[in-house]
2 protein chains.
Amino acid sequence: MDARDARAERHTRDGIIDTALSLLEQTGLPDLSMRRLATALGVQPSALYWHFENKQELLAAVADRIVAAAQPVAPGSRDEEVAAVAHALRDALLAHRDGAETVLSTQALGLGSDAAHLRLAAALVGDASPADIVPEDVQADARVILQFILGHASLVQQRIQAARFGAFPAGEADIAESTADDFARGLRMLLAGLPAAAPPDAAGTHDASRAADQPMRSATPLRQ
Amino acid sequence: MDARDARAERHTRDGIIDTALSLLEQTGLPDLSMRRLATALGVQPSALYWHFENKQELLAAVADRIVAAAQPVAPGSRDEEVAAVAHALRDALLAHRDGAETVLSTQALGLGSDAAHLRLAAALVGDASPADIVPEDVQADARVILQFILGHASLVQQRIQAARFGAFPAGEADIAESTADDFARGLRMLLAGLPAAAPPDAAGTHDASRAADQPMRSATPLRQ
DNA sequence: ACCTGAACACCGTTCAAGT
DNA sequence: ACCTGAACACCGTTCAAGT
């Protein structure tokens with residue numbers, strides 16, 4: 001098992017990320033060390049530092065891969081699409097062991113891509129006409145929803161992990177089910193706080209209810 | 001600085017937690033090791049294992065201390081009280097370096113106290129009469145709000161930390177301000193998703209709108 | 001009751017050197 | 001261009017032994 005993958009072939013960033021992701025699945029984030037990863041690749045630990053600056057950068061790449069796997073969603077109303085994107089992101093995070101925590105810490109450190117934020121923002125805009133959009137509000141709403149998704153998924157996932165080791169009273173299935181209810185509830189609550197969506201094709205009926213609340217700031221999209 | 005605290009006096013759980021908390025402030029969570037903590041206490045690393053089972057248990061105690069420092073809130077309407085408790089919890093998390101992450105991972109592992117959850121649940125109940133309360137809903141709403149708080153605070157805090165090291169474009173103050181807006185927004189959105197609060201003193205006007213949506217389950221309070 | 005001393009099995013990262 | 005070998009400065013945890 002040690003050097004079984006140790007062909008004479010050299011490694012590539014993508015290949016290393018592949019192995020890191022499957023190692024994450026087997027061992028979990030706390031045991032995903034550079035040394036173990038090197039062993040799995042049949043290589044010395046120091047070899048990894050030719051491909052990645054450091055462990056954080058490697059984990060950021062893993063996080064991006066996890067988020068990129070989030071499924072596309074069917075078209076629908078604004079709220080339907082936001083909910084669908086949110087569920088797709090949640091599913092992607094929960095699809096890999098410690099996926100949520102990996103993505104959360106990467107996002108927090110300002111590493112990794114904006115993919116999750118961008119998908120939420122796109123769904124929030126929907127098919128509204130440009131006149132109905134306050135870019136600052138869209139960005140902020142996307143950040144808020146993403147913060148909930150990551151907080152929720154991190155808690156849920158570590159709870160599942162704890163249950164697997166018998167530290168928790170409930171079974172894995174119970175947790176997965178009851179927390180899915182929590183997620184739907186949180187999403188429902190958050191969507192209730194959005195302004196009413198502008199009716200499609202009703203160009204010119206500018207909903208200014210939100211813009212009036214907030215001082216105008218730069219429309220530069222902040223990375224999440 | 002090494003053995004300066006090393007009186008002949010022996011240590012206690014509380015004293016160790018004190019030192020751990022101030023070490024957290026100085027070094028951050030990644031550098032808060034058992035060995036460094038032992039050095040700060042003027043003791044061998046192994047001595048810590050007489051007081052705590054392991055590092056997780058120690059961190060759980062630190063997390064509890066952080067949450068316990070959340071300020072009490074003035075009485076008010078249900079939404080006012082929930083918002084006040086949420087802000088108090090956020091402030092407590094942000095008051096210590098890496099506080100949010102410490103509490104998040106402790107909560108996730110099922111360690112630490114329920115204090116944060118309980119305070120939110122109490123605010124959600126407010127002064128409603130028992131007939132107006134669906135315990136399952138209160139617990140779920142508290143979990144959802146806590147998930148948002150922890151997700152938000154973890155992201156914000158690690159972002160502040162990254163800014164301190166120059167990894168982020170914005171200054172610390174800008175981040176603190178703009179993220180406070182995000183938090184208020186998220187809270188507003190979540191509160192909009194709650195059912196209308198029962199008017200105080202209107203006993204008997206049972207709002208069943210929420211209870212009808214959800215199957216009745218056990219009213220046992222789940223630990224968050 | 002509380003701690004020392006020594007050990008075990010690990011870490012991330014750097015850097016000269018090899019091919 | 002990609003990797004080895006060796007080293008540096010660390011980890012968490014256990015356990016016999018001391019006082």
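The legends below describe close-up views of a predicted model. Residues are numbered from 1 along each chain as its sequence is written, with chains lettered from A and ligands numbered from 1 in written order. Local features need pLDDT of at least 70 and side-chain atom pairs pLDDT 80 or more, while totals for chains, interfaces and linings use all residues; side-chain values use heavy atoms, without hydrogens and water.

**View 1. The interface between chain B and chain A.** Contact (heavy atoms within 4.5 Å) joins 38 residues of chain B to 38 residues of chain A. About 3,600 Å² is buried between the two chains, 57% of it from carbon and sulfur atoms; buried area is the accessible area (1.4 Å probe) lost on putting two parts together, summed over both. On the chain B side, B:Leu155, B:Arg185 and B:Met189 lose the most area, together 21% of what that side buries.

**View 2. Salt bridge between A:Asp141 and B:Arg185.** The closest N and O atoms of this pair are 2.8 Å apart. Six salt bridges are counted between chain B and chain A, each a side-chain nitrogen of Lys or Arg within 4 Å of a carboxyl oxygen of Asp or Glu.

**View 3. Protein side chains at DNA strand C.** Phosphate oxygens lie 3.0 Å from a polar side-chain atom of A:Ser33 and 2.9 Å from a side-chain N or O atom of A:Lys55. A polar side-chain atom of B:Ser46 is 2.7 Å from a base oxygen.

Key. A residue is near a molecule or strand if one of its heavy atoms lies within 4 Å of it. A polar contact is a pair of N or O atoms within 3.5 Å; within protein, one must be able to donate a hydrogen and the other to accept it, and residues adjacent in sequence count only if both atoms are side-chain atoms.
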